[in-house]
Amino acid sequence: GQDHLLGKMSGMQMPLEETTLDEPVTETLKRELKTIGDKMWKVALPGSDSKKELKNWDLWGPLFLCLILAITLSSGNSHGMRDEDESAPVFASVFVIVWCGAAVVTVNAVLLGGTVSFFQSICVLGYCVFPLVVSAMICMMVGWMRCKKTACVLVRFGMTAVGLIWASRASVGFLNEVVSPKRAALAAYPVYLFYTAIAWIILIRSSP
C-alpha cells in the first residue's frame with residue numbers, strides 16, 4: 001500500500017544536478033576565463049577538434065576581445081585634446097564595426113546556404129579578431145613612441161598584415177566547412193572586407 005510506495009521511493013537515489021549558483025565568484029571567473037582562453041586558442045589556430053567548439057558557442061569571448069580592441073584604438077597615440085575628443089567616437093565606431101560586420105558576414109553565409117547558426121558564426125568571427133587585437137596593441141605602442149623611422153613603419157604595416165591574414169584565414173577556414181565549395185568565394189569576400197576595415201583603423205590610429 002502507501003507505506004510500501006513510500007519505502008520504495010525513499011530507497012530510490014535521485015540524481016542531483018550540478019549547479020554553480022553557490023560557487024565563489026572567483027571560481028566562476030577563473031572557469032570562464034579558462035574557457036575563453038581555450039576557445040581563443042582553438043579558433044585562432046584551427047585544428048581537428050576546433051569545429052567541436054562551434055557547438056558550445058559563447059559571446060563573452062568576442063565581447064571581451066571587442067572591448068580590448070576598442071579601448072586600445074580609442075586611447076590614441078598622444079595625450080593631446082584632439083585624441084581625447086576622438087576617443088569616444090573611435091570606441092563606438094570600432095564596437096559597431098566589429099558586431100555589425102560580424103552580423104553581416106553571418107547573414108551572408110546563411111543566405112548562401114551555410115549550415116551554421118547565427119550565434120555560432122558570430123562566436124567564431126569574434127574570436128578570430130584576436131590576432132588583430134594583438135596587432136593593434138603592438139602598433140599602438142609603436143605609435144606612442146612617436147617613431148617615424150622606416151623600421152617603425154614597417155613594423156606597423158607588417159604586424160597589421162600578419163593579423164589581417166591570420167584572422168581572415170582562420171575565419172575562412174571555418175566558413176569553408178559550412179558553406180558549399182561553389183559558394184566559398186562569395187562567403188569569403190565579406191570576411192576579408194570585414195577584417196580589412198579593422199586593419200585599416202589600426203593603421204590610421206597608430207600613425208605617429
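The model is predicted. It holds two cavities of 30 Å³ or more.

**Second largest cavity**
- The volume of the second largest cavity is about 40 Å³.
- Helix 3 (60-74), helix 4 (81-111) and helix 5 each give two or more residues to its lining.
- Helix 4 supplies the largest share of that lining, with three residues.
- The lining residues are Pro 62, Cys 66, Val 98, Trp 99, Ala 102, Leu 125, Gly 126, Val 129 and Phe 194.
- By class, eight of the lining residues are nonpolar and one is polar. None is charged.

**Phe 95**
- Phe 95 sits in helix 4.
- Its relative accessible area is 26%. Phe 95 therefore counts as partly exposed, since that value lies between the cut-offs of 20% and 50%.
- Leaving out residues up to four places away in sequence, Phe 95 touches Leu 63, Cys 66 and Leu 67.
- Phe 95 and Leu 67 are 28 residues apart along the chain, and their C-alpha atoms are separated by 7.4 Å.
- Cys 66, one of the residues that Phe 95 touches, also lines the second largest cavity.

**Ser 121**
- Ser 121 belongs to helix 5, which spans residues 118-127.
- Ser 121 is buried because its relative accessible area, 4%, is under 20%.
- Ser 121 touches Thr 106 and Val 116, again leaving out residues up to four places away in sequence.

Methods. Residues numbered from 1 in each chain as written. Predicted model: local features only at pLDDT ≥ 70, side-chain atom pairs only at ≥ 80, totals over all residues. Heavy atoms only, no water. Helix = DSSP H or I, 4+ residues; strand = E, 2+ residues; numbered from the N terminus. Buried < 20%, exposed > 50% of the residue type's maximum accessible area, 1.4 Å probe, protein only. Contact = heavy atoms within 4.5 Å. 1 Å grid on protein atoms, 1.4 Å probe; cavity = no way out; pocket = protein on both sides within 12 Å on 5 of 7 lines; lining within 4 Å. Points joined across faces, edges and corners; volume = space filled by probe spheres on them. Nonpolar A, V, L, I, M, F, W, Y, C, P; charged D, E, K, R; others polar.
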